[in-house]
Amino acid sequence: MTRRFQDEQPAILYSSVEVLSAMSDAKLLDVVALTGDLPQYNLWRGQVGTVVETLANGAAFEVEFSDRDGRTYESVGLRPEQIMVLHFEPASPEIEPKMVTA
């Protein structure tokens, strides 16, 4: 199965294994971004939050979204496939970058 992330030009295809492995390694206090819109919470793909609780042995995460002053404006339980961990340092030199193709 492949997943297409829409609204990106050009569209990039990822295998479901690659997507899930990138998204399911979240842990407490990780900075994460939404992978899809949650209009019922006024949250949109790309918004950044912090994992504040691991639920059901990693089957879900409580993610807190805060404004620039640190005030929480939303706290939502999310599944691993709804978030991706953001990394602020270069990847390890042992990791070989690879092109994802359809």
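Which residues is Val63 in contact with, leaving aside its neighbours within four places in sequence? Select Val63 and display Val32, Gly49, Thr50, Val51, Glu74, Ser75, Val76, Leu78 and Ile83: these are its contacts, with heavy atoms within 4.5 Å as the criterion.

**Before going further**

This is a predicted model, in which local features need pLDDT of at least 70, side-chain atom pairs count only at pLDDT 80 or more, and totals for chains, interfaces and linings use all residues. Residues are numbered from 1 along each chain as its sequence is written, and side-chain values use heavy atoms, with hydrogens and water left out.

**Colour by confidence**

pLDDT is the predictor's confidence in each residue, from 0 to 100. The protein averages 79, and 68% of the residues score at least 70. Strand β1 (residues 2–4) has the lowest confidence, at a mean of 38, while β3 has the highest, at 98. Select residues 1–23: pLDDT stays under 50 there, and the model has 32 contacts beyond four places in sequence for this stretch.

**Switch to cartoon**

The protein has 1 helix and 7 strands, and from the N terminus on the order is β-β-α-β-β-β-β-β. Helices (H or I, at least four residues) and strands (E, at least two) are DSSP runs, numbered from the N terminus.

**Select the sheet**

Five strands form an open sheet in the order β6-β5-β4-β3-β7, with antiparallel pairing. β6 (72–78) and β7 (83–85) stand at the edges with a single partner strand each, so one side of each has no neighbour in the sheet. From one strand to the next the twist averages 40°, an angle on a scale from 0 to 180 degrees between N-to-C directions of axes fitted to C-alpha atoms. Two strands count as paired if DSSP finds at least two bridges between them.

**Step through the pairs**

Start with β3 (residues 31–34), which is joined to β7 by 3 bridges; Leu34 stands opposite Ile83 there. Next take β3 and β4 (residues 48–55), antiparallel over 3 bridges, where Ala33 has Val48 in β4 as its bridge partner. Then move to β4 and β5, joined by 5 bridges, with Leu55 opposite Ala60 in β5. These two strands form a hairpin with 4 residues between them, and Ala56 in the turn has a positive phi of about 50°.

**Stop at Val31**

Val31 is found in strand β3. With a relative accessible area of 26%, Val31 is partly exposed; buried means under 20%, exposed over 50%, and partly exposed in between (1.4 Å probe, protein chains only). Beyond four places in sequence, Val31 touches Val48, Gly49, Met84, Val85, Leu86 and Phe88.

Across the protein, buried residues make up 24% of the 102 residues.
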